Amino acid sequence: MVGIITIIMSMVLVNNYVLAQFLGICPFLGVSKKLDSAFGMGVAVVFVMVLATAATWPIMQVLNSFEIGYLQTVVFILIIAALVQLVEMMLKKYIPSLHKALGVYLPLITTNCAVLGVCISNIDANYNYIESLFNAFGAGLGFLLAMVLFAGVRQKIEGGKGVPEAFKGVPITLITAAMLSMGFMGFSGLFQ
């Protein structure tokens with residue numbers, strides 16, 4: 001139990017895919033303008049990460065048994081693309097407002113390197129199936145945390161009057177992301 005909690009907390013704080021490993025930056029910057037869409041994207045990524053791990057880990061064992069592990073990346077991308085299509089269809093049917101708010105960024109989960117990264121890192125870390133699922137869940141929670149924190153800060157900054165004209169828009173967004181990332185560096189060394 002302690003190992004599972006360590007894996008989750010490590011992925012949320014120390015090895016945060018967005019703020020420490022710089023994976024998944026496209027949706028991080030693109031969908032973080034509004035808190036509700038950032039939260040929705042974060043939840044969708046958590047869901048896709050866990051589902052992708054649940055599907056890719058056993059398939060990797062099959063690939064290894066046939067000694068064709070070199071097909072890992074291609075197979076993982078195909079599985080992730082299929083899962084994202086499933087999530088998109090579910091959101092379109094059951095939560096159309098969130099589907100519309102996420103817009104083009106929802107299909108981009110397919111190319112979100114954080115989703116592919118968590119599937120590959122589970123294999124590289126030699127996690128068993130349960131550890132892989134919790135690692136993916138922790139990575140997703142870390143992505144969600146980064147999205148929500150950044151969206152909150154970004155709404156506050158863009159709504160304020162203290163930003164110089166030269167820094168408005170993309171410059172202040174990137175500076176804010178860098179400062180948030182540096183803040184998360186304070187967690188390094190917390191878990192081994």
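## Around F137

Leaving aside neighbours within four places in sequence, F137 is in contact (heavy atoms within 4.5 Å) with I8, V46 and V50. F137 lies in helix α7; helices here are DSSP runs of H or I with at least four residues, strands are E runs of at least two, and both are numbered from the N terminus. At 33% relative accessibility, F137 counts as partly exposed, where buried means under 20% relative accessible area, exposed over 50%, and partly exposed in between (1.4 Å probe, protein chains only). The C-alpha atoms of F137 and T53 are separated by 9.2 Å, although these residues are 84 apart along the chain.

A word on the model before going on: it is predicted, so local features need pLDDT of at least 70 and side-chain atom pairs count only at pLDDT 80 or more, while totals for chains, interfaces and linings use all residues. Residues are numbered from 1 along each chain as its sequence is written, and side-chain values use heavy atoms, with hydrogens and water left out.

## Overall fold

The protein has eight helices and zero strands, giving the pattern α-α-α-α-α-α-α-α along the sequence. Its C-alpha atoms fill a box of roughly 60 × 45 × 30 Å along the principal axes.

Of the 192 residues, 42% count as buried. Among contacts with a separation of 6 or more, 77% come from residues 24 or more positions apart.

## The nonpolar core

The largest nonpolar core holds 49 residues, of which F28, M41, M49, I109 and V115 touch the most other members. Such a core is a set of buried Ala, Val, Leu, Ile, Met, Phe, Trp, Tyr and Cys residues joined through side-chain atoms within 4.5 Å. Helix α3 gives the most to this core, with 10 residues. M49 touches A114, V115, V118, A136, A139 and G140, not counting residues up to four places away in sequence.

S37 is also found in helix α3. This serine is buried, with a relative accessible area of 8%, and beyond its neighbours within four places S37 is in contact with V31, A101 and L102.

The largest pocket has a volume of about 180 Å³. On a 1 Å grid over the protein atoms alone, a pocket is an open set of points where a 1.4 Å probe fits, with protein on both sides within 12 Å along at least five of seven lines; lining residues have an atom within 4 Å of a point. Volume is the space filled by probe spheres set on the points, which are joined across faces, edges and corners. The lining includes F39, F47, M90 and Y94, and α3 gives the most to it, with five residues. By class, this lining has 10 nonpolar, one polar and no charged residues; Ala, Val, Leu, Ile, Met, Phe, Trp, Tyr, Cys and Pro count as nonpolar, Asp, Glu, Lys and Arg as charged, and the others, Gly among them, as polar.

The second largest pocket has a volume of about 150 Å³. Of its 15 lining residues, S10, M11, N15, Y127 and N135 lie nearest its centre. The largest share of this lining, five residues, comes from α1, and the classes are six nonpolar, nine polar and no charged.
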